[in-house]
Protein chains: 4
Amino acid sequence: MGTASTAATGQRRPGRPRSERAERAIIEATLALLAESGAAGLCIEKVAARAGVGKATIYRRWPGKEDLLLDAVACLKAPLPEPRGLSVRDDLLALLEAMCEQFADPCHMREFALLLGEGAAYPRLMTRYTETVIEPRREVIRAVLRRGAVTGELREDIDVDAALFMMIGSVLARSRYGDAPVEPGYARRVVDEMLSGIGAR
Amino acid sequence: MGTASTAATGQRRPGRPRSERAERAIIEATLALLAESGAAGLCIEKVAARAGVGKATIYRRWPGKEDLLLDAVACLKAPLPEPRGLSVRDDLLALLEAMCEQFADPCHMREFALLLGEGAAYPRLMTRYTETVIEPRREVIRAVLRRGAVTGELREDIDVDAALFMMIGSVLARSRYGDAPVEPGYARRVVDEMLSGIGAR
Amino acid sequence: MGTASTAATGQRRPGRPRSERAERAIIEATLALLAESGAAGLCIEKVAARAGVGKATIYRRWPGKEDLLLDAVACLKAPLPEPRGLSVRDDLLALLEAMCEQFADPCHMREFALLLGEGAAYPRLMTRYTETVIEPRREVIRAVLRRGAVTGELREDIDVDAALFMMIGSVLARSRYGDAPVEPGYARRVVDEMLSGIGAR
Amino acid sequence: MGTASTAATGQRRPGRPRSERAERAIIEATLALLAESGAAGLCIEKVAARAGVGKATIYRRWPGKEDLLLDAVACLKAPLPEPRGLSVRDDLLALLEAMCEQFADPCHMREFALLLGEGAAYPRLMTRYTETVIEPRREVIRAVLRRGAVTGELREDIDVDAALFMMIGSVLARSRYGDAPVEPGYARRVVDEMLSGIGAR
DNA sequence: CAATAATCGAGACGGTACGTCGCGTCTTGGG
DNA sequence: CCCAAGACGCGACGTACCGTCTCGATTATTG
């Protein structure tokens with residue numbers, strides 16, 4: 001999954017195998033420093049010192065700071081909850097609330113910031129991240145929306161992708177640019193507004 | 001406007017006045033480097049060299065890299081178009097399309113990436129940016145939404161902020177994480193979906 | 001004289017001039033560390049730390065360790081004593097004794113070792129050192145030998161250079177490969193042997 | 001001979017015996033790199049790579065770089081020619097010419113440079129080298145000088161050690177610091193000067 | 001013949017020093 | 001007071017080697 005992982009081939013490379021212990025220590029040190037000082041005040045040198053590891057041991061696994069950070073934060077990824085499947089409205093609400101909650105965690109906020117800020121320079125990483133993290137999340141939501149269109153809980157001819165981005169984006173825009181943390185009822189307000197539409201009846 | 005501007009008092013400081021030529025060269029060099037190498041590969045030293053200016057001349061005007069960047073990108077800011085005021089739907093559509101267009105410009109994309117990525121470390125900047133750039137834009141949209149609630153074009157009890165973030169966020173989420181550039185009809189699809197709602201009638 | 005010195009032109013370079021204070025501190029730190037840990041256990045990083053100076057300040061002046069060391073030890077160079085001019089034998093003896101004495105100083109020993117060991121890699125330095133340090137010393141000795149040939153104290157047809165290298169080399173070979181430090185009477189023994197020759201009368 | 005040699009006991013150690021092939025390859029690689037880049041630009045890692053050998057295979061045999069180098073250069077040592085014993089003058093001349101010739105070989109020059117330059121840090125090596133290489137050479141010369149004192153070809157009361165170092169040193173000083181390679185007649189000039197002495201008759 | 005044991009190549013390990021780059025500050029002579 | 005130029009102390013960068021270690025595979029001698 002991570003850049004550092006051994007390829008899934010059965011082949012063993014010659015020479016001493018890479019220490020799993022070191023890898024764990026590096027990731028932990030990275031997350032600890034990230035939490036303490038933020039992405040700006042994080043440097044490989046400190047990670048190595050904190051992990052009790054030589055710098056080369058880090059560079060052997062990750063080409064640079066961004067890649068390390070990306071793998072580190074990926075270890076934190078909390079998947080969206082499995083929809084319960086009873087009511088589409090309840091499922092959407094639960095998903096949206098989970099997203100709000102995750103965005104409230106500064107560590108996830110950092111993850112997004114990192115990807116947005118430095119992603120442009122590392123398209124390879126962006127692609128991988130999108131495929132392995134972003135797209136699966138979207139698919140969970142899409143599935144619920146499609147289910148609603150079938151059961152009749154949602155409009156039959158719903159534009160699934162438009163609705164998807166409205167849902168996701170409402171959290172993204174609110175949490176990032178919001179002057180205050182996302183308030184408790186926010187998810188419910190968005191879901192209700194989406195369901196009923198803003199147009200007059 | 002920028003941090004660098006001379007106070008608007010009629011008072012003139014003693015000594016040689018600051019060179020307007022230098023200021024322009026600095027801003028231009030900053031934008032050029034930003035476009036070439038992104039925010040990460042940009043440093044004061046290179047800006048100074050490219051602008052043919054001493055480093056001190058930059059530091060005399062801006063406290064650091066972030067502030068310089070902020071002023072530089074502020075020069076690019078394209079305001080949202082003034083709503084025409086005939087139809088709420090048309091106004092929303094126009095606003096959304098303008099946003100999509102701006103996001104398609106890589107230079108504006110960088111602006112957002114910069115603020116999102118590095119903003120966390122500089123709350124002061126974020127605050128100022130939010131106040132001077134983000135909030136006025138939001139206000140334009142809010143005004144249209146409120147007008148719609150009054151004229152009856154929109155639901156009377158619309159949740160203005162929820163709708164606002166759904167609109168903004170739908171573009172943000174789509175353009176950033178989208179695998180392809182935003183397609184032509186996207187704005188219309190979002191507006192229609194928002195107006196009608198996804199719930200069954 | 002040293003690599004670091006400003007060219008002797010009257011021209012001043014633009015910008016802030018190099019700090020003479022820093023230069024002195026670097027040389028002093030180098031000599032201190034050289035005395036403490038030898039040439040092997042000396043590194044730029046420690047010199048910088050000890051001198052209270054950034055590494056770049058050292059690299060701005062000297063391209064590398066060897067060059068720095070060379071300039072540092074050059075500051076120690078004790079010139080040969082001025083011949084008194086009364087007796088050629090006494091003058092040669094005094095010069096030889098001074099050389100023995102200097103070689104007994106571990107710091108001068110290091111200087112030679114350095115030049116011999118690393119000199120091959122830095123022909124430019126070797127040339128400079130030969131011209132400014134070695135050759136003047138030789139000339140002092142040559143002058144005495146020539147004087148002796150004129151005054152009749154030495155053979156009229158003496159091979160000045162052969163004698164020169166015999167004198168210098170006898171100290172070099174003795175002190176370097178000798179198992180013990182050069183003993184007190186050594187210089188006198190060499191001078192006598194040179195004067196009388198080893199051939200039977 | 002070298003540190004690496006198996007003890008001369010008839011006992012064989014259990015397990016796989018050390019590969020003679022690897023040993024040869026290591027020595028050859030060492031000498032090749034020494035000739036190419038000098039002692040400074042030589043490192044175990046490159047030796048191993050060039051020899052197609054694991055680093056451990058080197059460290060199993062030699063404790064470090066110096067010891068390896070010492071064994072490597074020892075393979076090059078050209079002994080002084082056996083004196084023919086007819087004329088002391090001719091013997092001294094032959095010995096001195098052989099020394100001049102050896103110093104002209106850049107590989108032997110490196111050997112000396114290495115020992116002089118880095119020897120100070122490794123007294124153990126210096127001692128061994130002096131005992132096994134230097135002292136035997138000296139003894140050859142001393143024997144000739146003593147023989148001359150007995151046969152009457154040299155002065156009866158000759159100071160053997162002083163003369164020894166004058167001879168050796170004259171080549172050392174000339175070849176090392178000389179601006180040009182040692183010229184053809186140099187050895188003869190030194191021998192003549194030594195025999196006749198520089199003092200007036 | 002199988003077990004044992006040292007060696008082989010390869011290469012990862014924790015370190016140290018390298019030489020470079022950029023930071024934000026400072027210090028020149030000259031407008 | 002500003003300008004350009006550039007040195008300053010600092011700290012992180014990514015690389016190269018150090019000497020040690022751990023792999024699976026090989027190659028002898030011993031039981």
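A polar backbone atom of A:Arg16 lies 3.2 Å from a sugar or linking oxygen of DNA strand E in this predicted model. The side chain of A:Arg60 also meets DNA strand E, with an N or O atom 2.3 Å from a phosphate oxygen. In chain D, a polar backbone atom of D:Gly54 is 3.3 Å from a phosphate oxygen of DNA strand E.

**Surface near DNA strand E**

- Two or more residues of this surface come from each of these elements: helix 2 (44-51) and helix 3 of chain B, helix 2 (44-51) and helix 3 (55-59) of chain C, and helix 3 of chain D.
- DNA strand E is surrounded by 42 residues, and the closest of them are A:Arg60, B:Tyr59, C:Lys55, C:Tyr59 and D:Arg60.
- Of the atoms of DNA strand E that come within 4 Å of the protein, 66% belong to sugar and phosphate.
- By class, the residues near DNA strand E are 14 nonpolar, eleven polar and 17 charged.

- Sugar and phosphate make up 68% of the atoms of DNA strand F that come within 4 Å of the protein.
- This surface divides into 15 nonpolar, ten polar and 17 charged residues.
- At least two residues each are supplied by helix 2 (44-51) and helix 3 (55-59) of chain A, by helix 3 (55-59) of chain B, and by helix 2 (44-51) and helix 3 (55-59) of chain D.

- The side chain of B:Arg18 has an N or O atom 3.4 Å from a phosphate oxygen of DNA strand F.
- An N or O atom in the side chain of D:Lys46 is 3.0 Å from a phosphate oxygen of DNA strand F.

**Helix 2 of chain A**

- Buried residues in this helix are A:Ile44, A:Val47, A:Ala48 and A:Ala51.
- These residues lie on the same side of helix 2 of chain A because they cover an arc of only 100° around the axis.
- Their cover includes helix 1 (20-37), helix 3 and helix 4 (65-74) of chain A.
- After helix 2 of chain A comes A:Gly52, which has a positive phi, near 65°.

Conventions
Residues are numbered from 1 along each chain as its sequence is written. Chains are lettered from A and ligands numbered from 1 in the order in which they are written. This is a predicted model: local features need pLDDT of at least 70, side-chain atom pairs count only at pLDDT 80 or more; totals for chains, interfaces and linings use all residues. Side-chain values use heavy atoms; hydrogens and water are left out. A residue is near a molecule or strand if one of its heavy atoms lies within 4 Å of it. A polar contact is a pair of N or O atoms within 3.5 Å; within protein, one must be able to donate a hydrogen and the other to accept it, and residues adjacent in sequence count only if both atoms are side-chain atoms. Helices (H or I, at least four residues) and strands (E, at least two) are DSSP runs, numbered from the N terminus. Ala, Val, Leu, Ile, Met, Phe, Trp, Tyr, Cys and Pro count as nonpolar, Asp, Glu, Lys and Arg as charged, and the others, Gly among them, as polar. Buried means under 20% relative accessible area, exposed over 50%, partly exposed in between (1.4 Å probe, protein chains only). The arc is that of the directions from the helix axis to the C-beta atoms. Contact means heavy atoms within 4.5 Å.
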